[in-house]
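Notebook open, viewer open. I'm jotting down what I looked up, residue by residue.

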Amino acid sequence: EKIIQLHDSQQTRHCNMLVGGTQSGKSTAWKALVSAKMHLAKQNSGSGFRAVDSFVINPKSVSLSELYGSYDLQTFEWSDGILSKL
């Protein structure tokens with residue numbers, strides 16, 4: 001059920017964050033979904049599923065501007081963040 005909820009969330013959002021306690025199944029859930037999508041992509045090329053590249057980022061290790069990007073009001077230039085480069 002949680003994997004289906006994660007899939008539905010991915011269909012409507014550009015980024016997802018899994019939160020929960022230690023040993024609550026966060027890694028197992030997203031890895032199972034990646035595995036299922038990869039399997040479906042290999043089985044049926046016309047199924048709408050594509051091969052998946054997953055990136056795990058610790059949001060506490062970077063600032064919000066490094067993660068999403070930022071606009072410099074002095075130079076009027078946009079700097080891409082990590083998410084826009086993936």
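Predicted model: local features only at pLDDT ≥ 70, side-chain atom pairs only at ≥ 80, totals over all residues.

I started with V34, which sits in helix α2; helices here are DSSP runs of H or I of at least four residues, strands are E runs of at least two, and both are numbered from the N terminus. I checked what V34 touches beyond four places in sequence and got V52 and S54, with contact meaning heavy atoms within 4.5 Å. V34 and S54 are 20 residues apart along the chain, and their C-alpha atoms are separated by 7.8 Å.

Numbering runs from 1 along each chain as its sequence is written, and side-chain values use heavy atoms, with hydrogens and water left out.

Next I looked at K37, also placed in helix α2, which spans residues 26-43. Which side chain of opposite charge is nearest to K37? I found D8, 9.2 Å away, so K37 is buried without a salt bridge (buried is under 20% relative accessible area, exposed over 50%, partly exposed in between, with a 1.4 Å probe and protein chains only; Lys and Arg count as positive, Asp and Glu as negative, with His and chain ends not counted; a salt bridge puts a side-chain nitrogen of Lys or Arg within 4 Å of a carboxyl oxygen of Asp or Glu). What K37 does have is a side-chain polar contact with the side chain of Q10 at 2.7 Å. I take a polar contact as a pair of N or O atoms within 3.5 Å; within protein, one must be able to donate a hydrogen and the other to accept it, and residues adjacent in sequence count only if both atoms are side-chain atoms. Leaving out residues up to four places away in sequence, K37 touches H7, Q10, F49, R50 and V52.

Then S9, in helix α1 (residues 2-12). S9 counts as buried because its relative accessibility is 18%. Its side chain makes a polar contact with the side chain of N16 at 2.4 Å.

Last, I went through phi. Most residues other than glycine have a negative phi. Q23 has a positive one, near 65°, and is found in the loop between α1 and α2. Q23 is exposed because its relative accessible area is 78%. F76 has a positive phi too, near 60°, in the loop between β1 (69-72) and β2 (77-80). At 58% relative accessibility, F76 also counts as exposed.
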